[in-house]
Amino acid sequence: MIAAAPGASIPVGRRVRVQVPATSANLGPGFDTLGLALNVHDELEVEATAGTAVRVEVEGVGADEVPTDETNLVARSLLHVLEAVGVEAPGLVLRARNSIPHGRGMGSSGAAIVSGVLAAQGLLEGLVELADADVLRLATELEGHPDNVAPAIFGGLTIAWVDETGPRHKQLAVHRGVSLLVAVPEATMSTKLARSLQPEAVPHADAVFNLSRSALLVAALTQSPELLLDATEDRLHQTYRASAMPETSALVGALRAAGHAAVVSGAGPSVLVLAGDPAARLEAAAIVESRDEPWRALLLAVDIRGGTVEPIPPQAAA
Ligand code: HSE
């Protein structure tokens, strides 16, 4: 990434449109590493205006809850990028249409961060070139770990890791036989709380257990869906977090006992089922709907495009 030329500024009236998918991170054994993009999207339009005021209008999920000024997560992310490249922030109007459930383990905060970074990338067109690696690095700086932001940016199944150069990723196509179900409860879960429940160190045998399952999971999701149940076993995070989301833990247990590859979606409390075929997915949905607690069963597909940004042409004069 290069810094902008001194004095470079975003033209007033420049507008961009952004779309970013929901994600499910961890996928069982791949803690902080594996993630999948889902076909539920948040949409955003951003306009550069005169002055310096930031205004956010939100429709849909979170409309009554999220901040509507520069403290909004999408706005913070956008402003973070402008600061990083040395371009003075113009006034900004953000119009968001949100569909990704909040606080449910479906990557809503990662999507908000990626939306802001992609909006900045679009607004900076011709001033600063933000490469894919820059988008991933900037989004990871704000999110803290790359497993949600990588699939939100690139789509499909992603393996994310961090080396001395920063976050890296490998995108893979999911086997066409895999069908997705996400069971969403009414309760929410804080990722911070979930992370606080994990120990600093784990037994060597548990680390080996997860190494084998996460390696197997990449094969199961791309080539051999019949291995999904074995491949989604985990000993690094779900058990430690179970006390904070007992209904989630019970549903994962019931689904797995019936032969379905169910895992906690991200930090929870939603449950992701990686079904080997559409009939198995319907069987899993029936189990979800038979629970005492109200779960919404979403039949979803893998998003293969990832986040997108495009310019909105100036409006023709009347
Ligand atoms: N890997 C993360 C976690 C995903 O489980 O804490 C949620 O941000």
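The side chains of D32 and R195 form a salt bridge, with 2.7 Å from N to O. The structure is a predicted model. The domain assignment divides the protein chain into domain 1 (15–170 + 303–313) and domain 2 (179–300), and one salt bridge is counted between domain 1 and domain 2.

**Between the domains**

- The centres of domain 1 and domain 2, taken over C-alpha atoms, are 25 Å apart.
- Contacts join 23 residues of domain 1 to 37 residues of domain 2.
- About 2,100 Å² is buried between domain 1 and domain 2, and 66% of this area is on carbon and sulfur atoms.
- Of the area that domain 1 buries against domain 2, 31% comes from P29, F31 and R104, more than from any other three residues.

**The four-stranded sheet**

- Four strands make an open sheet in the order β8-β9-β7-β10, and their pairing is antiparallel.
- β8 (262–264) and β10 (295–300) are the edge strands, each pairing on one side only.
- From one strand to the next, the twist averages 25 degrees.
- Five bridges link strand β7 (residues 179–185) to strand β9 (residues 271–275) in the antiparallel sense.
- L181 has V273 in β9 as its bridge partner.
- Helix α9 (residues 246–257) lies across β7, β8, β9 and β10, and the helix runs at about 165 degrees to β8.

**Record annotation**

- An unreviewed UniProt entry lists residues 72–156 as "domain: GHMP kinase N-terminal".
- In the model, the span 72–156 is 55% helix and 9% strand, and its end C-alpha atoms are 27 Å apart.

Conventions:
Residues numbered from 1 in each chain as written. Predicted model: local features only at pLDDT ≥ 70, side-chain atom pairs only at ≥ 80, totals over all residues. Heavy atoms only, no water. Pairing = 2+ DSSP bridges. Helix = DSSP H or I, 4+ residues; strand = E, 2+ residues; numbered from the N terminus. Axes fitted to C-alpha atoms, helices over the stretch in contact; angles between N-to-C directions. Contact = heavy atoms within 4.5 Å. UniProt positions renumbered as here; feature names shortened; annotations may be inferred. Domains from an automatic or database assignment. Buried area = accessible area lost by both parts, 1.4 Å probe. Salt bridge = Lys/Arg side-chain N within 4 Å of Asp/Glu carboxyl O.
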